[in-house]
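Have the sequence and the structure open as you read.

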Amino acid sequence: MTTVRRAVLTLPAAPLGPDNPLPALRAPAGPGAHAVDARTLAELPRDMARGIGRAPLRSLLPVPVRDGYGRARTPAGLDTIVIENDRLRVTVLPGLGGRIHSLHHKPTGRELLYRNPVFQPAAFALNGAWFSGGVEWNIGATGHTALSCSPLHAATVRAPDGGPMLRLWEWERLRDLPFQVDLWLPEGSDFLYVGVRIRNPHEHPAPAYWWSNIAVPEDRRILAPADAAWHHGYERGLRRVPVPRTEDGTDRTYPLNSTHAADWFYDLPEEQRRWIAALDEDGTGLVQASTDPLRGRKLFVWGTGRGGRRWQEWLTQPGTPGYAEIQAGLARTQLEHLELAGGEEFSWLEAYGPLAVDPAAALGDDWLAARADVERSLAGALPRTAVDTAYTAWRESAADAEPDEVLAAGSGWGALEVLRGGHALPGTPFPEATLGPEQYPWRELLRTGVLPPPAKGAGLGAPLVSGPWRDMLETAPADPSTEYHLGIAQWHAGDRAQAVRSWERGLKEAAVRWPLLYCLAVADREDGHPDRAAERFTEAFADHRGGETNPTSTTGAAAVTVEGAAAVTAAATETAAATSAALGREALVALLAAGLSGRARDLWDRLPEHERRSGAFRLIEVRLLLAEGRRDAARAVFDEGFEVADLREGAEILGELWARLTDEPLPDAYEFRMRPS
């Protein structure tokens with residue numbers, strides 16, 4: 001029989017730490033990691049170019065940036081849910097985006113995925129914290145989902161065959177869409193079935209994005225049913241190339257044949273069955289197949305260059321074998337978004353399991369013969385009709401079924417949206433009981449038309465930015481807190497001039513000024529006023545450092561016990577420290593950008609010693625020392641060694657600063673470049 005049970009997985013883990021308290025007003029930047037230059041865009045097929053240009057993120061709002069983690073790992077217990085039959089054991093992490101951590105095939109004793117032996121967050125998600133390994137569910141926008149390290153709702157449901165099924169669901173806030181992922185193992189099956197549904201409960205269309213990312217050991221051959229692929233490197237290009245051998249004669253279906261990090265989006269023919277496989281030298285490994293709506297297939301490689309090797313080490317621990325990613329998505333490439341009409345849904349079924357083929361054929365030079373051999377083996381192990389039939393049974397009998405036993409809780413944001421919109425979402429309940437302190441002020445705005453002020457000494461709370469909430473803020477009584485949130489919603493909508501006016505109105509009467517000053521500083525920087533931005537960032541930092549930062553209550557919370565009050569105070573102290581560090585970092589960067597190194601030095605000297613010793617501030621120290629003309633002292637910081645825990649994917653700042661100091665090769669510890677020099 002198939003079983004679904006709770007368990008605990010103990011791994012060396014770096015704590016996530018607090019979220020960044022500053023509102024995420026800027027779009028995910030990154031140095032072009034997922035960008036296409038204008039010239040390339042003009043040369044692409046029209047529908048692909050349209051998908052790439054559809055609804056780019058203006059900001060990360062309303063989600064917070066998650067950058068409070070470090071790199072010190074200690075053993076920690078992670079809650080898991082284990083799905084098991086007599087053939088497979090599947091381990092899921094409901095508190096970390098619903099990631100599949102392990103897919104273990106019992107008869108052969110093989111792990112079918114790359115299973116990371118540590119939990120180490122890194123700045124790869126749209127909003128920061130992400131970790132490598134397993135199978136992740138990416139929804140929202142191009143990149144790793146903002147839910148990478150967030151809890152999902154989880155419960156058991158009846159599967160189409162009557163056995164137990166695990167349902168994961170949440171409200172994706174970047175695109176304001178609910179989704180669900182149903183996982184089940186039919187009795188005696190070698191394949192895990194995964195039913196996915198994205199719903200648009202609104203009247204207006206919404207941009208939709210999905211890629212299932214599957215980490216596999218990199219010493220594999222990757223096979224997919226295509227003769228060509230769209231190659232995307234980290235030089236902002238996108239071009240169609242032959243598969244398996246590119247123009248230089250290199251067989252790119254072997255991840256270790258690439259020097260630099262790259263994406264290969266396979267161009268599958270319309271009528272072709274959707275699948276991708278990763279096979280070892282014995283012809284065994286993992287295959288993923290799906291129903292036709294999940295159109296895209298992709299290979300991501302880190303490459304054998306120093307940058308790719310360093311990133312692999314950064315994401316796990318030295319001595320651990322490397323990995324590649326095979327992926328499946330709604331569009332041909334990850335750069336595209338589809339349009340999901342109001343009141344409609346996208347749904348499909350995926351299957352994950354072992355595959356064994358003739359290695360002489362699958363690993364041979366004859367690409368057509370290799371693909372044909374995989375097709376035959378897949379048809380025998382899992383016929384295409386079986387996947388289509390399983391999808392129909394799931395969609396008709398199980399997708400709308402209400403959960404039985406709740407196993408884990410996600411956020412309260414879905415409950416708030418259901419309360420506001422009255423959405424009917426069979427199968428994915430968002431009950432009011434899941435509302436928490438972050439949602440309480442917004443529930444009061446919905447109920448009374450008034451946004452309650454924050455508790456004394458507290459921050460101004462989590463923002464909401466969609467049209468209905470913006471409309472409510474516009475009609476609510478104006479006070480500094482309401483003006484702050486209204487300005488954020490206006491900024492997100494693209495009405496930046498009006499946002500600035502709202503923040504300026506709020507600033508006139510604000511007792512706590514730093515949140516509004518911070519927003520105005522970002523606006524100044526975006527509008528090309530670096531001096532004024534530096535002034536306001538510095539003022540925001542000073543205002544926060546001089547204010548009360550240890551509240552003993554939160555807006556909307558009931559009376560608490562002594563232990564509860566202590567926990568609230570501890571959390572507030574942690575948030576205050578995170579706010580101080582974030583504002584100090586912003587102010588220093590702004591002062592240096594404005595050429596005000598003297599004032600940057602004054603601010604630096606006011607920082608606590610523990611902040612100055614952190615990797616992110618050591619990086620700023622190098623920039624400050626260079627601005628002061630102190631090259632030897634800047635070089636000494638590098639020689640002493642530092643790690644920037646939240647270094648972004650594709651970041652080249654370390655190499656750029658090193659090149660200003662010396663002509664010597666960049667040390668391996670600082671080599672994170674993902675493209676040719």
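Let's start in a loop: Asn 20 sits between strand S1 (3–13) and helix H1 (38–43). Keep in mind that this is a predicted model. The side chain of Asn 20 has a polar atom 2.9 Å from the backbone nitrogen of Leu 22. Further along the sequence, beyond four places away, Asn 20 touches Pro 64, Val 65, Asp 67 and Ala 582.

Ala 361, by contrast in setting, belongs to helix H4 (residues 359–362). Leaving aside residues up to four places away in sequence, Ala 361 touches Ala 369, Ala 370 and Asp 373.

Next comes helix H19 (residues 653–661), whose buried residues are Leu 654, Gly 655, Leu 657, Trp 658 and Leu 661. Viewed down the axis of H19, these residues fall within an arc of 165°, so they line one face of the helix. Helix H17 (615–627) and helix H18 (631–640) are among the elements that cover the buried residues of H19.

How far can you trust the model? The mean pLDDT of the protein is 93, and 95% of its residues reach 70 or more. Over residues 548–560, however, the pLDDT is below 50, and this stretch has 30 contacts in the model beyond near neighbours in sequence. Where pLDDT is low, the predicted coordinates should not be read in detail.

Key:
Residues are numbered from 1 along each chain as its sequence is written. This is a predicted model: local features need pLDDT of at least 70, side-chain atom pairs count only at pLDDT 80 or more; totals for chains, interfaces and linings use all residues. Side-chain values use heavy atoms; hydrogens and water are left out. Helices (H or I, at least four residues) and strands (E, at least two) are DSSP runs, numbered from the N terminus. A polar contact is a pair of N or O atoms within 3.5 Å; within protein, one must be able to donate a hydrogen and the other to accept it, and residues adjacent in sequence count only if both atoms are side-chain atoms. Contact means heavy atoms within 4.5 Å. pLDDT is the predictor's confidence in each residue, from 0 to 100. Buried means under 20% relative accessible area, exposed over 50%, partly exposed in between (1.4 Å probe, protein chains only). The arc is that of the directions from the helix axis to the C-beta atoms.
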